[in-house]
Amino acid sequence: MKVFLENLKPNMNPYNGKGKFIDRLANELKKQGVEIVDNPKVCDINLCMNSLPKYDYGIKVTRLDDVAFSNDIIHKNIYRKGLRKTQFAIKTADAIIYQSKVAKNTNEGILNIKAKKDTIIYNGTNPQKHKQEFIKLPVGKNFIHASQILFPQRRVDILLECWGEFIQDKDDVYLHLVHDRNEDFENIDLTKHKNVLYHDIMVQEDLDRFVYSCDAAISIKYQDSCPNFIIESIAVGTPVITTNTNGLAEILNEPQVIVANVDPYYTH
C-alpha cells in the first residue's frame, strides 16, 4: 500500500503537536510495510490533517481533531476560520479519522453533519523513542505542566489557584510550567506563586528527561481531543493527572492516568 501524507514536510516545527504526530505516524506506517510516497498521483491513500486533501488522487482521508466551540482566543482566531473547511471535509472525504470520541462528538454536534465513514484512532507514540534519563530537580515532589502555547482553555490560572491551596502546608513540592514564552496568550502573573518554576519550551528529548524526572504530569485543558503530552508522559513512565473531558480519559485509567471528574461535558 502507498500512502501520501500531505502534512509531512521537512524541517517541521519540533514543538508542534501536529508536526510530531505526523512524523510518528509516518515512521509507524513504514514499520507496518506501508510505503510513504511524496507524489500523490501514485498513492492508494491520500491523507490530510484538518482539511480535505487538495490533490484528487487515491482514497481521500481527513484526520480531524478540534472545531471551534468557544470564544477562546485560539478557537476564535484559528478554528473558527476553518469551520467551512472542516464541514466540507466531513461531507466530501471518503473517510474521516477522529482523535477520540470527544473530537467526533464535538465535530458532529456543532456542525450537525456525519461523515460517509469514520473511525477513531487515538494518538500514540513508541516508548523506545523517548529518553528515560534523570535530570537534577529540586529535592521533593515535582509536578510538570507542559504545552507549546498557553491560552485560556489550558486553564493554567485555575491550576495555579489549586496549587496555592495544595501547597499551603508543604514546602518540598514544586510545579514546573513549560511553554513557549514567545506565544503567550494569557495575562497571568507567574511570579507570585510559591514553588512554581518556569521553563521555556523544550525539544522532545529534553522534555522527556524532564517529565521522567518528575513525579506526575498535569494536563487539564478543557475538552482536549487527544493531547500528545499525556502519551509522551506515559511513554517515559510518569503518571498523569487529567480531567474527564480529555479524549485519552476514554481509554486510559490508573495507574497511568488519574482522572478528575471536575467538568461538565460540552453539549452541542
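This is a predicted model: local features need pLDDT of at least 70, side-chain atom pairs count only at pLDDT 80 or more; totals for chains, interfaces and linings use all residues.

Residues are numbered from 1 along each chain as its sequence is written, and side-chain values use heavy atoms, with hydrogens and water left out.

Along the principal axes, the C-alpha atoms fill a box of roughly 60 × 40 × 35 Å. The secondary structure comes to seven helices and twelve strands, where helices (H or I, at least four residues) and strands (E, at least two) are DSSP runs numbered from the N terminus. Of the 268 residues, 50% count as buried, and here buried means under 20% relative accessible area, exposed means over 50%, and partly exposed is in between, with a 1.4 Å probe and protein chains only. If we take contacts between residues at least 6 apart in sequence, 59% of them join residues at least 24 apart, a contact being heavy atoms within 4.5 Å.

Let me turn to the aromatic rings. How many aromatic pairs does the count come to? The count comes to six, and the rule is that rings of Phe, Tyr and Trp (its six-membered ring) pair if their centres lie within 6.5 Å, with planes under 30 degrees apart called stacked, over 60 edge-to-face, and the rest tilted. Phe4 and Tyr55 form an edge-to-face pair, 5.9 Å centre to centre with 75° between the planes. Because Phe4 lies in strand 1 (residues 2-5) and Tyr55 in the loop between strand 3 (45-49) and strand 4 (59-64), this pair ties together parts that are 51 residues apart in sequence. Phe4 is buried at 8% relative accessible area, whereas Tyr55, at 33%, counts as partly exposed.

Phe143 and Trp163 also form an edge-to-face pair, at 6.0 Å centre to centre and 70° between the planes. This pair links distant parts of the chain, with Phe143 in strand 7 (residues 141-146) and Trp163 in helix 5 (residues 156-166), 20 residues apart. Phe143 is buried at 15% relative accessibility, Trp163 is buried at 5%, and together with Phe166 they form one aromatic cluster.

Next come the charged side chains. The whole structure holds 15 salt bridges, each being a side-chain nitrogen of Lys or Arg within 4 Å of a carboxyl oxygen of Asp or Glu. One of them joins Asp56 and Lys60 at 2.8 Å, N to O; Asp56 is exposed at 61%, while Lys60 is buried at 15%. Another joins Asp206 and Arg209 at 3.3 Å, and these two residues, three apart in helix 6 (residues 204-212), are separated by about one helical turn. Lys104, Glu108, Lys114 and Asp118 are linked in a network of salt bridges.

Finally, the cysteines: a disulfide is a pair of cysteine sulfur atoms within 2.5 Å, and by this rule the count comes to zero.
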